[in-house]
Number of protein chains: 2
Amino acid sequence: MPELRKDPVTGRWVIIATERSRRPSDFLRNPVTIQGGRFCPFCPGNEQKTPPEVLAYRNGSEPNSAGWNLRVVPNKFPALRVEGELDREGEGIYDKMNGIGAHEVIIESPEHDRTLADLPEKRIEELFWAFRDRVLDLKKDRRLRYILLFKNHGETAGASLEHTHSQIIALPVVPKRVQEEIDGARRYFEFKERCIYCDILRQETADGERVILETDHFIAISPYAPRFPFETWIIPRAHGSHYENSATASIQNLGWVTRTVLRKLDRVLERPAYNFVIHTAPTQEGEMTHYHWHIEIIPKLTKVAGFEWGTGFYINPTPPEEAAKFLREVGLV
Amino acid sequence: MPELRKDPVTGRWVIIATERSRRPSDFLRNPVTIQGGRFCPFCPGNEQKTPPEVLAYRNGSEPNSAGWNLRVVPNKFPALRVEGELDREGEGIYDKMNGIGAHEVIIESPEHDRTLADLPEKRIEELFWAFRDRVLDLKKDRRLRYILLFKNHGETAGASLEHTHSQIIALPVVPKRVQEEIDGARRYFEFKERCIYCDILRQETADGERVILETDHFIAISPYAPRFPFETWIIPRAHGSHYENSATASIQNLGWVTRTVLRKLDRVLERPAYNFVIHTAPTQEGEMTHYHWHIEIIPKLTKVAGFEWGTGFYINPTPPEEAAKFLREVGLV
């Protein structure tokens, strides 16, 4: 019997289609492979082909030269621009504003032929420090109300360059999906006087069947009502609404946790394309007792996403208990 | 300068990235072609390979035999089932219910080698009558709170069989996206005492720059704040919240309007995959003064959808004024 399950935060119902249940091998595979062989503006030596860096982790070399582990540069084709005024304007019944904001690229490694999951733990940790550094800098601009931190891995997930990178988009508005999460979490808090994500952590730890891995700082789970097969959340154990305020030990641990989760996905789903997003509180708001930052990873499995794309309704052929079991049990080489 | 625009109904902000503006030829093409040559359960003569039909438009032939223009059959691999009780149950902080509902397939034509856009106007009109007939039948089941009417055209849009067909999913819950539209429209009505879609119709007709085509019964537009390039809405001029209560003349006209819009998309975007969804009011609710049924068509253009898929935030590289101009001006052969 298929089951309808409700996401406890947003109230979204999804169908978990247990009768059409699929094993990982049932998905059409489309492994992400690094082709190489073409000019790459993100490779060392080509630093002049990107806009000047806004942040880099280097070993003493000059800015915008080779000799770095990680670079952050403005997007050469930005969706938003920092210059100008934030004019709001009506057009009859419609509303618009200038596209003020920032759009940056984090080049995660000088090596062209490595994916994020292939990097050593310490290097992945650096990505999370870079996220934090950029948020702390960008939030000084009071016009920017939200900072999106995300990664599109693989062409089918939207990556236009294969050299491993993440993106930052700082917006003068709060994205609708984030606002829905915050509103849902607030309603729960008003009712229960507890953070809903803290409650999810408690229940998932006790149940165990949707747990992928646990450390002192994080738990990785297949959520109860996932929209997509093998959707994975990484939730910090310590309550906190703003990613950038995480404890040092927690950010340090995130390198290992992310690496392990990504490598498990690579093993079970044969190097899938994926989207990786940090869900954090709006930039200019103070600490929230009701919201809890976390990471969502969504493998892009071919031919699974068509249905909900148009309808706005989700049918997930893989129960999260099955996905978690595969990911929990898979060994890493 | 890129622009942030707000969808007036749902309040969703999207970036219209005017500086990365693309012409139709800039999108990677992936034309939908009918391959044929394999066994097809939807072809005439194979009626026994589907579950028995629940509706068919025939010229006197026996049920479940050849000699039909259109057949509606239960989905052989349904995401939901009609049998059983609608049990709601908690699992700690989570909520679930049995997957009660209906999942049907409308086989739109006996011809395997024709897409919906290739069918004569009169035959497309029959699809809309079939939608109506099925809604009127399914809404008798009081457990079913929403009926989704949609079409996935092409493999990249989620179609698993190429023989032209649409789908109906009847649900015991209202999908979140529909509920958001209804809530947004209600807020507008409380403020203005007018239907927001009626106001959109008035403004778009007066402006003209986002209009694709107009008839006495419908207007087809590129909406002001579209999530996707060439997203197209078909809105009936007459106010009405429930699709199934549309006037006869209106449903008759929808055959021509849909055919023309789809053929224009085929010409401009080279036979793209697309999703087609009817947005209508929840099944068991009475007529709503604040909601207005309409159709949304979203062409699935390769490599454009990656960004928002994970982030929940939309960047649209094609201003709707440009999309509408291409679609308005393209000639049909």
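# Two-chain predicted model: briefing

Chain B is superposed on chain A by a rotation of 180 degrees with 0.0 Å of shift along its axis, at an RMSD of 0.0 Å. That is the relation of a two-fold axis. The same surface serves both copies, since 100% of the contact residues of chain B recur in chain A. The model is predicted.

**Contact between the chains**

- Chain A and chain B each give 53 residues to the contact.
- On the side of chain B that touches chain A, the elements giving two or more residues are strands E1 (3-6), E2 (13-16), E6 (94-98), E8 and E13, together with helices H2 (176-192), H3 (196-207) and H5 (306-311) of chain B.
- By class, this side of chain B has 27 nonpolar, 13 polar and 13 charged residues.
- Strand pairing also crosses between the chains: strand E1 (residues 3-6) of chain A is joined to E6(B) by 4 bridges, and the two strands run antiparallel.
- Within this pairing, Lys6(A) has Asp95(B) in E6(B) as its bridge partner.

**The sheet of chain B**

- An open sheet of chain B is formed by 10 strands in the order E3-E4-E7-E9-E8-E13-E14-E12-E11-E10, with antiparallel pairing.
- Strand E3 (55-58) and strand E10 (211-214) of chain B stand at the edges with a single partner strand each, so one side of each is left without a neighbour in the sheet.
- On average, and with direction ignored, neighbouring strands of this sheet are turned by 15 degrees against each other.
- Glu214(B) stands opposite Ile219(B) in E11(B).
- Helix H1 (residues 121-138) of chain B lies across E3, strand E4 (68-74), strand E7 (102-107), strand E8 (146-153), strand E9 (165-171) and strand E13 (273-279) of chain B.
- H1(B) runs at about 35 degrees to E4(B).

**Nonpolar cores**

- In soluble globular proteins, nonpolar side chains tend to be buried together.
- The largest nonpolar core here has 89 residues, and Ile147(B) and Leu148(B) have the most contacts inside it.
- H1(B) supplies the largest share of this core, 7 residues.
- A second, separate core has 88 residues, including Ile168(A), Leu171(A), Val257(A) and Leu327(A).

**Helices H4 and H6 of chain A**

- Helix H6 (residues 320-329) of chain A contains the buried residues Pro320(A), Glu322(A), Ala323(A), Ala324(A) and Leu327(A).
- Strand E10 (211-214), strand E11 (218-221) and helix H4 (248-269) of chain A are among what covers the buried residues of H6(A).
- Leu254(A) is placed in helix H4 of chain A.
- Leu254(A) counts as buried because 25 C-beta neighbours lie inside 10 Å, and the cut-off for that class is 20 or more.
- Leaving aside residues up to four places away in sequence, Leu254(A) touches Glu125(A), Phe128(A) and Phe218(A).
- Leu254(A) and Ala170(A) are 84 residues apart along the chain, and their C-alpha atoms are separated by 23 Å.

**Individual loop residues**

- Most residues other than glycine have a negative phi.
- Asn64(A) has a phi near 60 degrees, a positive value in a residue other than glycine.
- Asn64(A) lies in the loop between strand E3 (55-58) and strand E4 (68-74) of chain A.
- With 15 other C-beta atoms within 10 Å, Asn64(A) is partly exposed.
- Arg271(B) also has a positive phi, near 55 degrees.
- Arg271(B) is found in the loop between helix H4 (248-269) and E13 of chain B.
- Arg271(B) is buried, with 21 other C-beta atoms within 10 Å.
- Asn30(A) is placed in the loop between strand E2 (13-16) and E3 of chain A.
- Asn30(A) is partly exposed, with 18 other C-beta atoms within 10 Å.
- Asn30(A) and Thr156(A) are 126 residues apart along the chain, and 8.8 Å separates their C-alpha atoms.

Definitions and conventions. Residues are numbered from 1 along each chain as its sequence is written. Chains are lettered from A and ligands numbered from 1 in the order in which they are written. This is a predicted model: local features need pLDDT of at least 70, side-chain atom pairs count only at pLDDT 80 or more; totals for chains, interfaces and linings use all residues. A residue is buried if 20 or more other C-beta atoms lie within 10 Å of its own, exposed if 12 or fewer, and partly exposed in between; C-beta atoms are placed from the backbone. Two residues are in contact if their C-beta atoms, placed from the backbone, lie within 7 Å. Two strands pair if DSSP finds at least two bridges between them. Axes are lines fitted to C-alpha atoms, for helices over the stretch in contact, and angles run from 0 to 180 degrees between N-to-C directions. Ala, Val, Leu, Ile, Met, Phe, Trp, Tyr, Cys and Pro count as nonpolar, Asp, Glu, Lys and Arg as charged, and the others, Gly among them, as polar. Copies are superposed by least squares on the C-alpha atoms of residues with pLDDT of at least 70 in both. A nonpolar core is a set of buried Ala, Val, Leu, Ile, Met, Phe, Trp, Tyr and Cys residues joined through C-beta atoms within 7 Å.
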